[in-house]
Structures are given as structure tokens and as C-alpha cells.
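My entries follow the order in which I checked them.

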Amino acid sequence: MALLKLDNATIRFGGLVAVNGVNLEVEKGEIMALIGPNGAGKSTIFNLITGIYPPTEGGISFNGKSIAGLPPHVIAGGGIGRTFQNIRLFNELTVLENVLIGAHTRGRWNLTGALLKLLPPVRREEGRLLELAIHCLTQVDLAHKAYEQACNLPYGEQRRLEIARALAIEPALILLDEPAAGMNPQEKQTLLEMVRKIRSAGVTVFLVEHDMKFVMGLSDRIAVLDYGVKIADGRPEEVRANPAVIEAYLGKGATH
């Protein structure tokens with residue numbers, strides 16, 4: 001059974017069909033990529049999965065259970081973390097505090113306990129979440145910068161901090177929306193190795209990315225969108241040679 005499944009997923013904004021009847025599966029333990037020209041509907045797919053938009057038609061299931069139309073915090077609590085195309089950090093907070101915000105969604109306490117922080121169980125839980133946050137920073141090689149202000153990090157490290165915060169909800173699936181955008185070649189290589197380590201730690205990865213070299217070198221499988229329609233799905237070498245994919249990126253006549 002697929003970890004994530006889109007079944008004829010469709011969303012309309014007025015007269016615009018942004019995603020049209022997409023069928024897609026992400027298997028547990030794989031690195032799956034979603035590619036396509038600008039405006040193809042890739043980020044909209046992520047917004048459907050994470051509950052920012054409810055589908056107009058079709059279904060979305062995670063771990064065999066429907067999540068279509070559920071609010072984002074419920075979907076996140078169920079095990080789906082994500083980053084965004086534009087960096088969304090709390091710039092005035094430290095690196096560690098940014099990750100703790102994600103970690104606290106996994107806190108095991110009630111309201112009374114949270115208000116009475118001197119209670120031993122609450123202190124123990126705070127300690128557990130601190131360990132979790134440090135572990136997530138270690139996964140993205142930022143533990144040594146835990147007490148720096150987030151806005152002082154270089155761009156590539158800010159991207160990695162977003163991933164650490166998403167990992168802090170202890171997801172089974174992480175969605176990465178253009179994680180390599182704006183990175184130099186060295187930063188991209190570091191990111192590629194980091195994503196592989198995340199998968200090795202048991203987290204399934206689903207990413208949207210424009211850098212074809214990065215995608216081809218990282219992904220187990222690739223799906224391709226064009227004008228909201230899935231036009232291909234397969235291994236990197238299959239997708240690279242697909243005439244419909246070549247036409248979508250290069251225009252008609254490119255395959256002749």
C-alpha cells in the first residue's frame with residue numbers, strides 16, 4: 001500500500017483548473033520528485049496534500065486514511081511535514097527556537113501541566129523536546145549554530161533550518177518545496193547528501209524542484225505535471241527520455 005495516494009485529485013479556482021485529475025502514489029521509503037514547467041501546479045499539489053486547499057474533486061489518502069479536506073494542523077499531526085518555496089523562518093528567534101516551535105506540536109501535556117511548568121512531568125517533556133530539536137539540527141548539520149539568530153544564517157543554511165523544523169514534528173513523510181532554490185553547487189551537494197540521510201533515517205521524501213541535475217541525481221521516481229495534468233511517472237532515465245516531457249519543457253518539435 002502506498003504511503004501517500006492522490007486519486008483523481010482536482011482543484012478549480014473559478015474557471016481555472018489548477019490540478020486536473022491527478023493520480024499519484026508515493027511509496028514508503030522512497031525519494032519521489034514532482035517536476036514540471038512554471039505554473040504546472042506543483043506547489044498546488046503540495047497545498048492539497050497539506051490541507052491548505054481542499055480538493056474540488058477526488059481523494060487524498062495517507063497511510064490508508066483519507067486526509068482530503070482536513071485542516072493543516074491535523075494533517076501535520078498525522079505525520080506530514082513540509083517546507084515552503086519561500087523561506088518562512090522566525091527571523092528574530094534563534095535557530096534552536098525555530099526548531100522548538102515545530103517540536104512543541106509533538107508535546108505530550110495538557111493545559112494545566114503547560115501552565116504549571118514546575119511540575120516534574122512537564123520539565124521532563126521540555127527536556128525531551130529539546131533533545132528532539134537538537135537531534136533535528138544535527139541531521140541538517142546546524143547544531144553548532146543553535147543559539148545564533150536565524151536571520152544571521154547564510155541562505156543555504158536557512159533552507160536547511162526550515163527542513164529541521166519540519167523534521168521536528170517527527171513526520172513519516174516530508175514535502176520539500178524547491179529546497180535547492182537559490183543554492184550554489186556546493187550547497188546543493190550538501191543538501192542532496194542530507195536528503196539521502198533523512199530517507200535513511202526512515203522518513204519518506206516527496207520534493208518539488210526545478211534543478212533537473214539535482215532531481216535526476218537524487219530521486220528514485222519522478223512524476224511530471226504540465227498545465228495541471230500528470231504527463232509522466234517513472235524512473236529518472238524513463239522520464240528523461242519521455243517525448244511528452246521533452247515537449248513540455250522544450251516545446252513542440254523538440255522530439256523530432
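I am working on a predicted model, where local features need pLDDT of at least 70, side-chain atom pairs count only at pLDDT 80 or more, and totals for chains, interfaces and linings use all residues. Residues are numbered from 1 along each chain as its sequence is written, and side-chain values use heavy atoms, with hydrogens and water left out.

**Salt bridges**

I took a salt bridge as a side-chain nitrogen of Lys or Arg within 4 Å of a carboxyl oxygen of Asp or Glu. How many salt bridges does the structure hold? I found 11.

I looked up R82 and D177. Their closest N and O atoms are 3.6 Å apart, and the two form a salt bridge. R82 lies in strand 6 (residues 80-82) and D177 in strand 7 (residues 173-177), so this pair ties together parts 95 residues apart in sequence. For element limits I used DSSP runs: helices are H or I with at least four residues, strands are E with at least two, both numbered from the N terminus. R82 and D177 are both buried. My burial classes are under 20% relative accessible area for buried, over 50% for exposed, and partly exposed in between, with a 1.4 Å probe and protein chains only.

Next came D233 and R221. This salt bridge has its closest N and O atoms 2.9 Å apart. It links distant parts of the chain: D233 sits in strand 10 (residues 229-234) and R221 in strand 9 (residues 221-226), 12 residues apart. D233 is partly exposed at 34% relative accessible area. R221 counts as buried, at 18%. I also noted that a network of salt bridges links E30, R221, K230 and D233.

I then checked R235 with E237. They form a salt bridge, with 3.0 Å between the closest N and O atoms. R235 is partly exposed at 44% relative accessible area. E237 is also partly exposed, at 44% relative accessibility.

**Helix packing**

Two packed helices are described by the angle between their axes and the distance between the axes. I used lines fitted to C-alpha atoms as axes, for helices over the stretch in contact, with angles from 0 to 180 degrees between N-to-C directions.

I started with helix 6 (residues 155-167) and helix 7 (residues 185-200). Their axes come within 11 Å and cross at roughly 10 degrees. That makes helix 6 roughly parallel to helix 7. The cut-offs are under 35 degrees for roughly parallel, over 145 for roughly antiparallel, 65 to 115 for roughly perpendicular, and oblique for the rest. The crossing is right-handed. A crossing is right-handed if the near helix is turned clockwise from the far one by less than a right angle, and left-handed if anticlockwise.

Which residues of helix 6 meet helix 7? I listed G156, R160, I163 and L167. On the helix 7 side they meet E187, T190, L191, M194 and I198. Contact here means heavy atoms within 4.5 Å. By class, the residues of this contact are five nonpolar, two polar and two charged. Ala, Val, Leu, Ile, Met, Phe, Trp, Tyr, Cys and Pro count as nonpolar, Asp, Glu, Lys and Arg as charged, and the others, Gly among them, as polar.

Helix 3 (residues 95-103) also packs on helix 6. The angle is about 35 degrees and the axes are 7 Å apart. This crossing is right-handed too. V95, N98, V99 and G102 in helix 3 meet L161, A164 and R165 in helix 6. I counted four nonpolar, two polar and one charged in that contact.

**Burial along two helices**

Helix 3 is mostly covered, with seven of its nine residues buried. Among them are V95, N98, V99 and G102.

Helix 1 (residues 42-49) is mostly covered as well: seven of its eight residues are buried. The buried set is K42, T44, I45, F46, N47, L48 and I49.

**Phi angles**

G51, which follows helix 1, has a positive phi near 85 degrees.

Most residues other than glycine have a negative phi.
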